[in-house]
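This briefing presents the packing and the chain contacts of the structure shown below.

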Amino acid sequence: MATEQNKTEENKAPEMVPIVIDGREYEAPRGGNLLQFMIDQGLEISYFCYHPGLSVVAVCRQCLVGLKNAPKLVPACQTAIGPGMQVDNSGHKVLDARRQMLEFTLVNHPVDCPICDKAGECILQRHYMDWDHQPSKIDHPKVRKPKRVEIGPRIVLDDERCILCSRCVRFMAEVARDPQLVIAKRGNRSVLTTAPGKQLDNPYSLNTVDICPVGALTDRAFRFQIRVWELSATRSVCNGCATGCQVEVHHRRNRVYRLVPPRYRNRDINESWMCDYGRYTYKALDADRLTLPRIKGQDAGWDEAVGHVAAGLKKAMEGDRSRIGVVLGADVTNEDNFVAARLAFDFLDLPHVYLGAEPVGTAGDDFLRDNDPNPNRAGATACGRGKLRSDEDLARDLAEGKLTHLYVVGDRLHLDQESLGQAAGLDLFVVQATHPSALVEKAQVVLPAAMWAEANGTITSRDGKVQRLRAAVEPPAFCRPHWLALVQVAQRIGMTLEFASPEAVFVAMQQEIEPLTGARWGRRMPPRLLRYAGSRG
Amino acid sequence: MTTTHDGETQDLTLVNMGPSHPAMHGTIHLKLQLAGERIEHAEVNIGYLHRGFEKEAEAHCWQQIFPYTDRLNYVSPMLNNVGYAMAVEKLLGVTAPERAQYIRVIVGEIARISDHLTYMAAQTMEMGAFTPYFYVMKGRDWLWDLLEEISGARLTHSYVRIGGVAWDMPEGFKDRALALLPRIDQIVVELDKLMTRNRIFLDRMQDIAVVSAEDAVSYGWTGPCLRGSGVAYDVRKAHPYLIYDRMDFEIPIGTDGDNMDRYMVRMEEMRQSMRIISQALEQIPPGPILIDDKLVVLPKKAATYNTIEEMINHFKLVIDGIRPPRGEVYSYSEAGNGELGFYLVSDGTGRPVKCRVRPPCFMGMAAVEHMITGHMVADVIPTFDTINMIGGECDR
Amino acid sequence: MSRTVLDKLRQRFEASIIETHDFRGDETATIRREALLEVVTWLKERNDLELDMLTDMTAVDYLEQGNDPRFQVVYHLYSVSKSHRVRIKVPVPQDDPVVDSLCQLYKIANWLEREIWDMYGIRFKGHPNLKRILLYEEFVGHPLRKDYPKERRQPLIRRPEPEIAQVLARRGKARPLPTATE
């Protein structure tokens, strides 16, 4: 994904050489990128066009530093570390250069902060306050450029705000491998625009909004929705497909406003990127949720619904228990599946369970998005203890009349109309789900569940990586996490099952499910306010 | 309830004074156990006006806290503003320009007079003398007219800024202020004539609630209450700040530590404040009223709306807040009730880790149980009044 | 400002001092919890120091900074006769939030310690009457702690369940009020 020249540490252990920055000695990797090294050391430096995931072009000239024996200031992003290097990061000339570059950048920048979405996480704003405190020196009108260009179905471009750092151009060309953006014209008339005949509609286009240091590129769904400093960020995992990209859920007062990759680049799964489809999965959290339990189409209380389910299961337990079907979900957490499996195997003594998963499709690509739209197929499979059957098996068992009771956890079970009709005719058909669907409509008892951004738990990615979901918002009024509803049902039918929290479930699960023994619950990460020290820009 | 008193067992009567009581101003609850009219045991409950100042301050930028400081000691809000601004300036390591310091002293002393006048009104009215209350309210309103001229509001000024004051004195302020001082003095003289040698007043105030100097210090008392007990500690003299070292004034000290002394100290302090105001108005130099530091002071509006540089400056100062260095300071000034301290802890971001107000009348209230025990019920009101407890400051 | 108080303190209590500084001229010493009573008694009674006034006492919660121990109780002492000040800070861990009470030394410590108990949940050993002072007795939690959200509502009166359900159905995603144990 990232170009080779920025990832020296991936190959062999680099040779460390001594360098001096501002009179202090450091051990730095020979041939490494000086700017990246300075950033890693936490030194104060400014830059716009450099990004660790993109090629180095040194167009912004904001990272100029002084080098001993160099006649001019050099851009740190384009300087390879050599032994004995002496870098000046705070001398008069360097500070002046930073001020002057910012002055140039601001010459034609529109006075848009009050209406710009990026305000509050804008790198230009931050650099001005840190390095450039001089007032404006121009006294004639600024250059005007196209102001609200809909360059793609999801992105709006404001050419006046663009500082021509070319991060977006390089991203589309190098990472998305679909060069839809170019910088046209010259001098102070340069504009960012789409390549001739193209739109910015690549499935990874919204990453350009993330990496744009100013508010030139904005996400249409997020535009003017909320000010960023009012948001809090919670680390979690995208539930759009089996890849499991690390994300930050940006929310305020129980409403999610956007999903973005985490502030600091992670090395393993998605680095600094996400696909556009994944970014918009937050919309499902608010759209059309099941909020109250239902018994035969009528709203009911939880107590009543759990009682109804328990009564049905108790009756089933008196007869042939193998006629009870339990369906694990490929879209619910490991903890949810674990409790369901415990109930199915350890208490009801069922011979097998089924897997409710959306069929593998063709929407995947060779970058991030996977063909499997289920976020936790791997986890559900692990909890199935090797006795997992598919939805086709379930359809067949229903058609052959082998089941009298069916308990479905999760939304994704795929059954055709006929099978659903058969399921509706069973003695008990329970579905724990989040959204209305054909499946939910046919169910006798519906228990409303919490979604991924409302629950604490873990899911397993396609590579077997167990990642932690953190609750960012509260579920709608009467939704409960799947594992909690299952525990309550289990206790009602006489099973001794005591879990005080999802973490307790995780601890128990770790000891029993082999693929999960190495997994960690992760440390406590409370929501981070996107303001003051927590801002992203 | 029974107890032994002078060797006899007696039934004690439980009487609740407050919190809903005309004289328990600021809202205070006194739980009195009476033997007849004498108070055998008293319990003071505060907190009815607790509004979470510190918690709010932790969620706001440094410069956004000023309106909250207005509502601490709400009879002399300017003094709270000044105290807080001084604390943040100490943290930043900057000093307000000279003219701003003079203005701060002037408005601060006007607020102090207003505080003491309000005390006079409450003290006298709650003991039954209604007339002084009206005289005082008249005078206080004149003072508030002055403060409204300079800040825009009669009570919730938020006039002081980090780095100076919000705007300069209006045209003719000095003349109007100087013309007002004799009229205020006239009211003080009238008060003095009515109350200070009044037989009933003396009977109710002299030798009541005597607090020794040692006790006063142990209770952390400062301000007029401490000076009434004979301890000569006034922050303006002991640790001069702003331009108080250029002012010629005296601090009145009491001798007995009774209610009368605390009353007399405040009476005299008003006169001294008037001296300070007239000196400051004469001496005030021309000059800027805000420091010239882009990272502390907001830019001018014309520039903010028209240039991107000032727009960014304004924007980041408001959204991210002023960013003092990491560290902690304790800054103190002489407010109406004594040493008003601000203990600020900063971690380098735009909002406080801790913003503690050291409330002078909290210490005063702590001693009330001890002060009224052994006295009569009728002594509660004069004693409580001399503490000059302001609910906004005591409970925050 | 000369570091008179700090120098003398250092001479006498070197072992109990964790660190000192005088940022912006405020002499400050962070001392070990166990030494508090001894140090403050010494500061109060020593003739050339005579720090006879406890100007202020408060606590700070450093949860967001990740400090361990989490709390610090901060004392500001002043000498009326000698006009010097010192700030004494005592680190207090989260799992054992107890400090010695200074009620015997300063009368105002009684109320100030009650306020710290009220706001932070730090107990004071030897305090005669450690109960809430600013908040009402039934209040749940210690509000100045950083993990107490500012907007939290307190359980005042519990409505019957059907009424709650009706209100919530109208408000959509709103959550019921917390219980006393949350």
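**Interfaces and cores of a predicted model**

Arg87(C) and Glu328(B) form a salt bridge in which the closest N and O atoms are 3.7 Å apart; a salt bridge here is a side-chain nitrogen of Lys or Arg within 4 Å of a carboxyl oxygen of Asp or Glu. The model is predicted, and local features need pLDDT of at least 70, side-chain atom pairs count only at pLDDT 80 or more, and totals for chains, interfaces and linings use all residues. Residues are numbered from 1 along each chain as its sequence is written, chains are lettered from A and ligands numbered from 1 in the order in which they are written, and side-chain values use heavy atoms, with hydrogens and water left out.

**Chain C with chain B**

- Across this interface the rule finds 11 salt bridges and 29 residue pairs in polar contact, both residues being at pLDDT 80 or more.
- A polar contact is a pair of N or O atoms within 3.5 Å; within protein, one must be able to donate a hydrogen and the other to accept it, and residues adjacent in sequence count only if both atoms are side-chain atoms.
- β3(C) supplies the largest share of the side of chain C that touches chain B, with 9 residues; helices (H or I, at least four residues) and strands (E, at least two) are DSSP runs, numbered from the N terminus.
- In total, 44 residues of chain C are in contact with 50 residues of chain B, where contact means heavy atoms within 4.5 Å.
- The area buried between chain C and chain B is about 3800 Å², and carbon and sulfur atoms give 56% of that area. Buried area is the accessible area (1.4 Å probe) that two parts lose on being put together, summed over both.

**Chain A with chain B**

- Chain A contributes 25 residues and chain B 26 residues to their contact.
- About 2100 Å² is buried between chain A and chain B, with carbon and sulfur atoms giving 71%.
- On the chain A side, Val111(A), Met129(A) and Tyr532(A) lose the most area to chain B, together 33% of what that side buries.
- The rule finds 1 salt bridge across this interface: Asp130(A) pairs with Arg323(B), the closest N and O atoms being 3.2 Å apart.
- Helix α3 (residues 123–131) of chain A gives the most to the side of chain A that touches chain B, with 5 residues.

**Nonpolar cores**

- A nonpolar core is a set of buried Ala, Val, Leu, Ile, Met, Phe, Trp, Tyr and Cys residues joined through side-chain atoms within 4.5 Å.
- The largest such core has 253 residues, and among the members that touch the most others are Trp221(B), Met365(B) and Tyr75(C).
- Helix α4 (residues 98–126) of chain B gives the most to this core, with 13 residues.
- Beyond its neighbours within four places in sequence, Met365(B) is in contact with residues including Ile28(B), Phe384(B) and Trp111(C).
- A second, separate core of 52 residues includes Val309(A) and Leu348(A).

- Gln123(B) is found in helix α4 of chain B and counts as buried because its relative accessibility is 0%; buried means under 20% relative accessible area, exposed over 50%, and partly exposed in between (1.4 Å probe, protein chains only).
- Not counting residues up to four places away in sequence, Gln123(B) touches Phe201(B), Met205(B), Pro382(B), Asp385(B) and Thr386(B).
- Ser205(A), in the loop between β8 (191–194) and α5 (207–211) of chain A, likewise counts as buried, at 0% relative accessibility.
- The side chain of Ser205(A) makes a polar contact with the side chain of Asp276(A) (2.7 Å).
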